[in-house]
Structure formats: C-alpha cells, structure tokens
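Hi everyone, thanks for making time this morning.

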Amino acid sequence: MLDTMGLIFTYKYEEDLKTLTQVRSISSIPFGGRYRIIDFLLSSMVNSGITKIGMITKNNYQSLMDHVGSGKEWDLSRKRDGLYILPPFSHGDSFNYGANYRGRMEALANTMSFIRRSNSEYVLLSDADIICNMTFDKMLEFHKEKDADITLLYKNGRFTDESYNQFCFLAMDKDHRVTDVAINPAKDRKNLCIGTAIIRKSLLESLIQECQSHNLYSFRRDVLQANVKDLKIYGYECKAYMDLITSVSSYFDANMDLLNEDVRKGLFDSQNQIFTKIRDEVPSVYRNGSKVSNSLIADGCIIEGTVENSIIFRGVRIRKGAVVSNSIIMQDCEIQSSSQLNYVIADKDVVIRENRKLFGYQKYPTVLSKGSVV
Amino acid sequence: MKIKKECIAMLLAGGQGSRLGVLTKNVAKPAVPFGGKYRIIDFPLSNCVNSGIDTVGVLTQYMPLDLNAYIGNGQPWDLDRNYGGVSILPPYVHGKNGEWYKGTANAIYQNIHFIEQYDPEYVVILSGDHIYKMDYNKMLQYHKAHEAACTIAVLNVSLEEASRFGIMNTDENNKIYEFEEKPKEPKSTKASMGIYIFTWNKLREYLTRDEADPTSSNDFGKNIIPQMLGDGEVMMAYEFNDYWKDVGTIESLWEANMELIGEDSPIKLADPSWRIYARNPNEQPHYVAEGAEIKDSIVTEGTSIYGSVEHSVLFHGCRIGKGAIVRDSVIMPDAVIEDNAVVQYAIVGQEAVIGQEASVGAPKETCESGAIAVVGDGVSIGKGIQIAAGEMVGENRE
C-alpha cells in the first residue's frame, strides 16, 4: 500500500475515559500488559505496507510522543516518509482553531499543508480507539474495484449498548453502496461504522476546502450525511477481531477479552506482529508461594502472591499474600502484602499498601489514577 | 577522516563451543540463548555500552548467520552510531589469498586495519562465552594508572578449582610475574577471566612478531601473554569480585540459568543502572491458564503455560501443554512441550517439540550431578518417547 498514507486522529471520548485520559490521550492508554492502544492501529497500518503515517494530536499528547519516539519500533523511522506528529497550531486568520477542533474536518484543515505535500494517492483515515490486528490492503482493493469515492469500514453485529450512541450506523444496498448514514439511530443498529475510511487524496483535499469555506467541520454530518447521494460511498466489512474502546467499562472488557485464547490468536498473529516501545525488562520472576491462574503477565514482574483473571503490565510487583482478581495493573505498580483487589484498574506507578482491600464491580471497575498510593 | 576513539573493544565470537554439543550445531556459542530473553553475547555487548565503549568489533567464524542476524546494526544495544558502533568481522580474502582465523591472536592480527581506523590508545579483548556484569572503564582506569602494557581481569577462585584455569601469579601490587595455564600445583588463585586490555602500540608490535613466528599457535594465552611477560612488559592483574560464569559446558550453562531464579540471584539482572540489552522478540505478555502452576521460575513474554512449571527458566514463545510437567529445566525460545509430557533436569533447544506423554530426563534428585538431558534446536521427540537422563539428542525421535 505504498500509494496510501495513514492519518490517525489520536484523541476521542476524553470525557468517558476520565481518569485514564487525565494524563494522556486515548491513543496512549496502556493496554494488554505491554501495549498502548495506538500500537494496534499503527502496527496494522505498517503491516499493510503503509510507510507514511501522520498522527493528528489535540491535547495531552506528551505521553503519546514519548511512546512513539522516532517511530523506529514500528519501522517508521525512515529516510523517505515515516511517522509525523501533527500537533495543532494557529496560523493567520484561522487563529480561532487553537487546540479545540470542533470536528475531524477542522482538524484535517489544520494539517492541510501536510496532506498537500504528500504524494500518496489515497489516504486511510482512522480514529485511534480500535483494538485490532488487520491489514487494509483488501479494503483498498475493494475501494479501487468499486471505483468508490469513500470506503467506510464497518462491523456487523448488534450494537444496542449505549456506549455506541456516539457512532454512525450504515444502511447499504446489495452492492455495499451506502444509502444512509445515521448517527445513534433508534433502530437498525447493525452495521457499526468504525472511524476508518479510505478516500482519494485529491477528493479529501477538495472536501476539506469545501467544508472550510462553509464553516463546516463534521466528517460524519457535513461529508458523509450531506453527500450520501452525490458521492459513491461504500461500506467494507471488517471480519477480523476488533474491539472499540469507548468507556472505562469497554476498556476493561477489551483487556479481559485477551484472556481468551482465540482473541489472542487473532490479535497477536506471528506474521503480523503488534509492535510497541521496548523497555528492556528482565524476565518475570515467580517466587515460591505464587499462584497464578488465567492471567496475562508481562516482563519484569515479581510475583509472590495470587493473581487470577488479570492483566499485569511490565515491572509490577505482587507481594506475598496479596490477591489480585479481575484487575488490570499497569506498569511499575506495587501491590503490597495481604492486600486484596477485585475489579480494579490501577494506572501506572500505583502503590497499594499492606492489608488494603479494594473492590469494584464488573461494569464499574474502580480506577486508581496514575501514581496514587492507597 | 579518522575519528579517534580512546578505547575500542574486540569481541572474539568465532568459537564453536563444541562442549555445548547439539546446542551449537547451527549457532555459534555467543548466540546461544540465555536467561529467558538474552543470548550470551548480550552480556559483553551491554557491558561495553554501559562502560562507555561505543566501538565494538565482533569476530565471527563458526556458524555466523544467526549471530549476524541477531546483532544486525547494533540498535538494541545503542551500537548504531555515526562513528564506530558494532562491526561484524568475518575472515576475508586479502591479496591473492586469505585464511581462517588461526587462533585468538591471529584473529586480532587479521583485523589490524579495522582497529587502526579508530586510532585507539587501548584495545579491550573480550570473549563471547561468559555471563557477568563488569565496568570495563574501571579496568581501563586501572590499566592507565599503572601504565601497563596489558591488564588481565582475574577472579579469585578456590584452590581446588584453580587447576582448571589460566592462573596469574602476582606480586603484592598485583603485578604479574608468571602465567601458568591449568597448573597442577597452583601458586595463586587468581584465574584469568579472558578479558584483556592492551595498550594498542604494544599489542600491535607483539601481534606482528607472533605472526612472523611459524611455530606459534597464535593464541593470547599460549603465545602473546607469555612472550610479553618474558620481555618484561608491565602486566597487571585487575581483581574482579562479582559474579562471573563461564557457560562453556552444558552443566555450567544450566547452572547459570538456574542462578537467575530466586531471591538471592547472584547476578542482579534487574539492576536498572546496569541493564543487559537484547534484541526484542516482540511478543505478547505470557499467559498463565487456569489450572497451571508455576513455582520458583522465570518466564518471558510470548509463552503460554497450561501445565506445571517448577524451578525452571522459560524463554519467549514457548508452550507448556495441559498436564505437562517442567522441572529443573531450561526451555529455549519457541519450544513446545505438549500435553502430559514430562521434562526434568533438561535443556530443551529452540523450536524443539516434546510430544505428548514423552519424557525427557529424570528427576534431578535421582540423577548424577551433570546428567542433564539435552534436546537440540528444532528436534522433535515423538509421542511417548523416553529420553534418558544425561542423553543428548540431535536428531528427531519417533
């Protein structure tokens, strides 16, 4: 897919993920023991053969920049193309944008010079809330075959849960041509439109200009809904495993899904690896008295206590007599002896002191913010 | 333009390591996996970088492909540099002929041009078969302070062990006056660790002289060091008092792996001030299933455990099947222990497969010391097959 460049919107739902996005944007939330959410999309793009990726940032993106660095872990530190971070900036008469994009089209307008300068023929736009391991080459083939203007990725299923209220749903004819785009409809919530789309670069440029000159900003309303008749918009079904992170509870569930072997096989395919920042940790050490069941454990941990149905990130220490169940424990946390955790999400560097007991509920896991000491 | 480096390192990585048997059938000894996520060569390479040496020549000869691929451009060790960094140095043809490296000294002699590119004052000579953490810069400062021609790192061993090593006999100031290779009646317990720092001018002179002598076996221990001593050069012993382990035999390789387990592990791998770097296999966190049991072990990313593991070292990408038992063993990358197989007091090579209900080795308590069963890289052991304690298997068994 050398003719395609990727553009990622690295921010979304900061409201619903509150504690987890206090210190970062959604794209750099730690996930699955050693990853950040963005790793899945970045690796998927790289594994598809895309060599030029721009990341549109809004605010709190220091953690994201620290994570991706020069992009070398994704093979994106290159002479030609590679990884570009596109932070907001003010210029001339559009001073009012600041970091407060009203919609995707406004964010894209801000990166117009980057898009113009690129010599890619197609652009793959995507939100960063996706946990998946897929390649986009078939989708591009489909896009070319249909001679489509815009191809939207969708997932088929039942999405009645209110966490999908912010999403679009597609209605399509037999040929997969989109006939209607509805945001949060009351019924027909079958074809969930993921924020991933392929579009010809020249068309994207003119759409951006069009929106800008009419003070329009929403990709969904002002591009998709407004042009559903005039443009050839197609839907392409995503058949790979995929999860969307829309709230604390969906974040929790998506992590816990990794305890399922089939999900792991789908996500961590040895031919299409998920890359992430390397920490040069030592192997994890199990001491006598440790008891672990149905859990994912990253490197650099020292396990002396009990862990069940949990995700343990790099460098975590679980001391004697501590019991961690149904929890997500992020990097460098320390769970001291005889404490008990159930349905807890502990952000990085949290310390649980001796004999503390914390219990959340499956739908409402207790979230401890980065660095807190209980 | 020459960019001058005060000190560079030359790492001798061409040895076969024949005492490791099937484990070095396809790879050079320095590329043998160690400690869950490392290879032996990670230790000297990381020591170099942590000591501030950013130019390392790696001399390869035996089965270099795996090692070359592993080292790559040196990026995992921060050895991808504008000037210097890591260079792989195989033997090559020069003029009308060329030859293999005839000995350790000859290997360095053949690379005099490489060394002179950096115009160094000092050269550190290292080997790729030891597990240790050492600050070569401290040793270099010692070498400089004593204005030595050569400084040799030594370890105090017990008197019984001393006859297995090259022994340095020194005066009270640690100046070496005699060198004895594996003495029957050792006069000292200062064993050479195979780590030398030479003042480059001196070394070049002795290498050239040694090369001109057709009777020489072109070896540092046998020829260069005795020759320098005989000529009265200043040669110092540098005492090292931390963990150091030669992993040249199956038993010592097994032991060194096991020494990483437990609270009082003598080599502080996790010490962040002296990290050991390795090329990362990029695998997901390891998975421990319901019903699995892990005691007193170390485990790395990419591994799934469904059975029971006790006092063992599991590398990345392994699978321990349901009902399988792994005890007192080292399981190298991507090896599979199928359901209900039993592996005891053994080393299982990379990508080896131990079939269902097969059994490798015997309980350690019942074995003679050192009777470690070894299954070579990529070897597959069929369903129900028994491999006895101490047996070394290099071919598939059906």
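Between chain B and chain A there are 18 residue pairs in polar contact, both residues at pLDDT 80 or more. A polar contact here is a pair of N or O atoms within 3.5 Å; within protein, one must be able to donate a hydrogen and the other to accept it, and residues adjacent in sequence count only if both atoms are side-chain atoms. On the chain B side, strands E16 (286-288), E17 and E18 (297-299) each supply at least two of the residues that touch chain A. Sorted by class, that side of chain B has 15 nonpolar, ten polar and nine charged residues, with Ala, Val, Leu, Ile, Met, Phe, Trp, Tyr, Cys and Pro counted as nonpolar, Asp, Glu, Lys and Arg as charged, and the others, Gly among them, as polar.

Before going on: this is a predicted model, where local features need pLDDT of at least 70, side-chain atom pairs count only at pLDDT 80 or more, and totals for chains, interfaces and linings use all residues. Residues are numbered from 1 along each chain as its sequence is written, chains are lettered from A and ligands numbered from 1 in the order in which they are written, and side-chain values use heavy atoms, with hydrogens and water left out. Chain B averages a pLDDT of 94, pLDDT being the predictor's confidence in each residue, from 0 to 100. The model scores ipTM 0.88 and pTM 0.91.

How many salt bridges are there between chain B and chain A? The count is four, taking a side-chain nitrogen of Lys or Arg within 4 Å of a carboxyl oxygen of Asp or Glu. One to click on joins the side chains of A:Arg34 and B:Glu301, at 3.2 Å from N to O.

Strands are DSSP runs (E, at least two residues), numbered from the N terminus, and two of them pair if DSSP finds at least two bridges between them.

Now the sheet in chain B. Six strands form an open sheet in the order E17-E20-E23-E26-E29-E32, with parallel pairing. Strands E17 (293-295) and E32 (386-387) of chain B each have a single partner strand, so one side of each is left without a neighbour in the sheet. At the E32 end, two bridges join E29 (residues 359-360) of chain B to E32(B), and B:Ser359 stands opposite B:Gln386.

How values were computed
Helices (H or I, at least four residues) and strands (E, at least two) are DSSP runs, numbered from the N terminus.
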